[in-house]
Amino acid sequence: MRKALKNAWKTFCSSINDLPRSGRLHRILSSDTKVQLGSLVAPSGGRTQSEGETLELLLTTHFPHSRDTREAAAPEAALLARRSDWMLPTSVVTYRRVEWSIDSFAPYKSPGVNGKFPALLQKVRDVAIPYLVRIFRACLATGYVPALWRQVKVVNIPKPVRNAYSGPRDYRPISLTAFLLKTMERLVDRYLRDEALALVPLDPNQHAYQAGESVETAFHQLVVRVEKTLDQQETALGVFLDIEEAFNNTCYDTMCEALPRHGSDHTIVRWIRATLEGRVAVATLNGYFVRFKISKGCPQGSVLSPLLWCLVVDELLARLSEEGVFIQG
């Protein structure tokens, strides 16, 4: 035991300057491998009696207004693009940017429904990139997302520090999408952050999912403000709000309406809507699987979801700031 702890400590010390590896080690040490997904307590008070009931309870809890679907997908209508629709894709999708996007993923990052790891594409990127450039540009110009890319593998991860894992809210649903979709999402995310948000930036008090910002920077800013208030013999009143199931309950229209307010082109908005609509969640448990059509929310685990949520909540921050309220995200 002592030798194992010593080896673990050496691993930690050698990776302290490598944040991705340190974060991976933290998740491993903090996870409880004894937690096994099984029978859960339903809101009615009874317990699920089968794997199918357990999966349906998890999906209906975390994906409101979703519905069970087993029918084959309907044939998709042909999409046409105007000449002007091809202008933005040629600048968003380039050979170098696709190469950067592919290399930005860890080689063995958890795959989606098709089971393909990033390493497979990274090995043949020189051959594949010219074709991917044409495919990504066409998808963006026409607002099209292949049906296979819209299939989402949902993995239910136990939330840390829980006394019991008996209910659906004791688990967090992580959506694993196809690596090709993530590659294209990263290109769109880069465009939004580097170009659109450069002209119409997010509220400066938004600390979530921003480079150089974190919970620590938000706390530091808040503590400085409170200490200054107390030094001036004044009273500080704070209200803390946690929005439950924020990602899963956000409406598609709300996200798509927030994008143009920050300078996003209609071509980008149309493609993002296509990635959200028509998503099908696939979950498995002990050989049993269910498929649910998702009708709202931005998937946890998606490349674009953090930015989409920030764009939605930014309007709230702006409105309260105009009323003289100091607010942080």
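Tutor: Let us begin with Y209, which is found in the loop between helix 8 (179-199) and helix 9 (215-231). Helices (H or I, at least four residues) and strands (E, at least two) are DSSP runs, numbered from the N terminus. The model is a predicted one: local features need pLDDT of at least 70, side-chain atom pairs count only at pLDDT 80 or more, and totals for chains, interfaces and linings use all residues. Residues are numbered from 1 along each chain as its sequence is written, and side-chain values use heavy atoms, with hydrogens and water left out.

Student: What is the phi of Y209?

Tutor: Phi of Y209 is positive, about 60 degrees, although the residue is not a glycine. As to accessibility, buried means under 20% relative accessible area, exposed over 50%, and partly exposed in between (1.4 Å probe, protein chains only). Y209 is partly exposed, because its relative accessible area is 44%.

Student: Which residue in the loop between strand 4 and strand 5 should be read in this way?

Tutor: That residue is N286. Its phi is near 55 degrees, again a positive value in a residue other than glycine. N286 counts as exposed, because its relative accessibility is 65%.

Student: How many bridges pair strand 4 with strand 5, and in which sense?

Tutor: The general idea is that two strands pair if DSSP finds at least two bridges between them. Here strand 4 (residues 280-285) and strand 5 (residues 288-293) pair in the antiparallel sense over six bridges. Within this pairing, V280 stands opposite K293 of strand 5.

Student: In what order do the strands form the sheet?

Tutor: The sheet is open and has five strands, in the order 1-5-4-2-3, with mixed pairing. Its edges are strand 1 (67-68) and strand 3 (171-176), each of which pairs on one side only. Strand 2 and strand 4 run parallel and are joined by three bridges; V152 has A281 of strand 4 as its bridge partner. Strand 2 also pairs with strand 3, in the antiparallel sense and over six bridges, and there N156 has P173 of strand 3 as its bridge partner. As a rule for reading faces, the side chains in a regular strand alternate between the two faces of the sheet.

Student: Which strands does helix 3 touch?

Tutor: Contact means heavy atoms within 4.5 Å. Helix 3 (residues 51-62) packs on the sheet and touches strand 1, strand 2 (151-158), strand 3, strand 4 and strand 5. The direction of helix 3 makes about 25 degrees with that of strand 5; axes are lines fitted to C-alpha atoms, for helices over the stretch in contact, and angles run from 0 to 180 degrees between N-to-C directions.

Student: Where does G38 lie?

Tutor: G38 lies in the loop between helix 2 (19-30) and helix 3. Not counting residues up to four places away in sequence, G38 touches T48 and T54. G38 and Y165 are 127 residues apart in sequence, and their C-alpha atoms are 9.3 Å apart in space. G38 counts as partly exposed, because its relative accessibility is 27%.

Student: How many salt bridges does the count come to?

Tutor: A salt bridge is a side-chain nitrogen of Lys or Arg within 4 Å of a carboxyl oxygen of Asp or Glu. By this rule the count is 13. One of them joins D85 to R82, with the closest N and O atoms 3.4 Å apart. D85 is buried, with a relative accessible area of 2%, whereas R82 is exposed at 52%.

Student: Which parts does the pair of R125 and E99 tie together?

Tutor: R125 forms a salt bridge with E99, and the closest N and O atoms are 4.0 Å apart. R125 lies in helix 7 and E99 in helix 5 (residues 95-103), so the pair ties together parts that are 26 residues apart in sequence. R125 is partly exposed at 24% relative accessibility, while E99 is buried at 16%. R125 also meets D126 in a salt bridge (3.9 Å, N to O), and D126 counts as exposed at 54%. Through shared partners, salt bridges join R96, E99, D103, R125 and D126 into one network.
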